[in-house]
Amino acid sequence: MTDKGGRRRRSSSILQVYHEPLEPVEQLSDQAALPNLNANWVNAKGAWTIHFVLILALKIIYDIVPGVSQETSWTLTNITYMIGSYIMFHHVRGVPFEFNGGAYDNLNMWEQIDDGAQYTPAKKFLLSVPIVLFLLSTHYTHYDLTYFIINFLAVLAVIIPKLPYSHRMRVGLFSGVPEE
Amino acid sequence: MELQELQTHLTEWLNEAIAAFQKVPGSAVLIRYVRSSYQNDPVRSAIELVLVIFFIRYLMAPAYSTSKQNFIKLTDDEIDELVDEWTPEPLVPNMTVLEEMESEKLPIIVGATGPKSKLANGRTVTNLASYNFYNLNANEQIKEKAIQTLRTYGVGPCGPPQFYGTQDVHMRAEADIANYIGTEGCIVYAQAFSTISSVIPAFCKRGDIIVADRAVNYSIRRGLEISRSNIRWYAHNDLDDLERVMAKVVAEQARTKKLTRRFLVTEALFETTGEMNDLPRLIELKEKYKFRIMLDETWSFGVLGRTGRGLTEAQNVDPTQVDMIVGSLAGPLCAGGGFCAGPKDVVEHQRLTAASYTFSAALPAMLAIIASESLHVIQENPEATLGVCRENIRLMRAQLDPKSDWVICTSAPENPILLLVLKPQVVEARRLTAEDQERLLQEVADECLANNILVTRLKGAPITTHMGLKDNVYTATPALKVCVTSGLSKKETEKAGIAIRHAITKVMTKKGNNKLGVPTA
């Protein structure tokens, strides 16, 4: 396989790490043609409140399930939120609606927010929610080591992909670097 | 002494600091939190502390953009200088020598066009340069209908189809075409040229794969370019090469576990060569490798098959097996606009996603009626239209292809557009460049015109020079275009054929043109 510029192969081991290359000019102009409806709403009014509402709703739901202790309830709330936000911000790529001919097909939502700029208010907020939720849940699980480890791994999973370091970084397990 | 004093001072400061901290609202909570969270577990506390420190650092960091700022800061003087230096390209590029030569001699038709047309210089010529294959242009029944429609509906619908543009006649035309070809549905576009350039991007998006013939026409090329899909080319009309390309695509996608839409785009009768495609084989391949097929029937609709239904009828293929049949209503039907026929879902999808359907005014009602009427006329009496035309094609071909020493006809035997290219031996022996060939063929066309026969050349330049798809190097062979019509009698057709053959011989044996054996540097 020939090396096609941007996507450079870091290693040829089981773990493949590469960076999503910059899109060609034509694709960039398609991205710029219309506002990105998929990512812009995080800056909209009410988009921040919904995180607290959802977390509260999750907590209440887990509380009313019989036989669930406070510790388990907090841990479940924490990991549900983390998994949900991971899928939404870091797993799914592209735009669910068809309006720009797939110009964002290679980028996940976190990378689409604010056109990939780092440390913007929305990104700071979205990073602070899982951290605060983690601190709260460790506190309310009374610093039990097992719960702590579970919660900590969950929070790492959503914080690492949010770092500027991970911007456009892709990690593949047992799979080659995509050709195109 | 000194040490003791320092110690007391330190303790005092510490106490003061603690007192000050305790005065801060919420400090008690923080202390309680830190106390309860420590819990004799320094490692865990350290991890939490690191997390908090990282968090605070993240919050304090200034925002920056990751997209490349690829502009240079210029001073005002530099900007002025650049503006002064800039000379705009002409809006219309200067004509080449060939274009100049051609435009000077451009014949102008006065009055109605037909098999016998009157030119601006007063002469009446035999018109073999029009797609009026069945002379429906002169059909009184169609004319009468057109005038009636014009009086009731006016000239144009003045709106896109989705915005008050659709009239009953459009829906009727769509139903008529669908019935005629034998598909579930049909959608009528306002321009034939932009039909396929709009159908392709309506279905193919970035990341999808389109396999296309190298020789496809300009309109398809535009469509492929707009679609942003990955284009794979196969050698012109070489279906073995097509199979190779398709197999490669399938193997690649199986390996990378990528699942995209896959399309095959080709023409039924090729615009640049006149050759016919092998549809049964195409269908077999598309079923085997799971592709969808878009067939451009622009030049074959109303031409091929017993009743003119196109390639599907000519090669006995069920039209429902072709995913999209794109055709033109502008050529032999003497109407205007284009259409795409296929399953209902395919058709309905285009009503909102096909750019040229959504964003351009609907077809004038008159043209929709003419399309319906023309189809009716052809269907009702295929012998009088298709039959007569085919006989004329046979006669014309007989005068040109085997008889002429200089040219061969690349078109399929049923194709009323005869494309005559110079024999490869001739081109090789005389070392003719593409430009030389164009010039010679233009001379032939001029010579024909002097003998009152109007023919034209294949205008292949836009295809050859089209830069949008850089990976496709295809050069259309220069050709003379002779369009046969049923409006001429057998005798007239034969006579025109002889005249064209003589004109070719005359031009090719002219002294200045005979470069035989003369090596060119």
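## Surroundings of Ile283(B)

In this predicted model, Ile283(B) touches Val317(B) and Gln321(B), leaving aside residues up to four places away in sequence. Ile283(B) belongs to helix H12 of chain B, which runs over residues 279-289.

Ile283(B) has 19 other C-beta atoms within 10 Å. Ile283(B) is therefore partly exposed, because a buried residue needs 20 or more such atoms and an exposed one has 12 or fewer. Ser374(B) is 91 residues from Ile283(B) along the chain, and the C-alpha atoms of the two are separated by 29 Å.

## Chain B as a whole

Chain B contains 21 helices and 15 strands. Of its 521 residues, 39% are buried. Among contacts in chain B with a separation of 6 or more, 70% are between residues 24 or more positions apart.

The radius of gyration of chain B is 35 Å, whereas a compact globule of 521 residues would have a value near 24 Å. The C-alpha trace of chain B spans about 135 × 60 × 50 Å along its principal axes.

## Interface between chains A and B

Contacts between the two chains involve 22 residues of chain A and 22 residues of chain B. On the side of chain A that touches chain B, helix H6 (121-140) and helix H7 (145-159) of chain A each supply at least two residues. H6(A) gives the most to this side, with 5 residues. By residue type, the side of chain A that touches chain B comprises 10 nonpolar, 8 polar and 4 charged residues.

Note on methods:
Residues are numbered from 1 along each chain as its sequence is written. Chains are lettered from A and ligands numbered from 1 in the order in which they are written. This is a predicted model: local features need pLDDT of at least 70, side-chain atom pairs count only at pLDDT 80 or more; totals for chains, interfaces and linings use all residues. Two residues are in contact if their C-beta atoms, placed from the backbone, lie within 7 Å. Helices (H or I, at least four residues) and strands (E, at least two) are DSSP runs, numbered from the N terminus. Ala, Val, Leu, Ile, Met, Phe, Trp, Tyr, Cys and Pro count as nonpolar, Asp, Glu, Lys and Arg as charged, and the others, Gly among them, as polar. The radius of gyration is taken over C-alpha atoms; the globule rule is 2.2 Å times the number of residues to the power 0.38.
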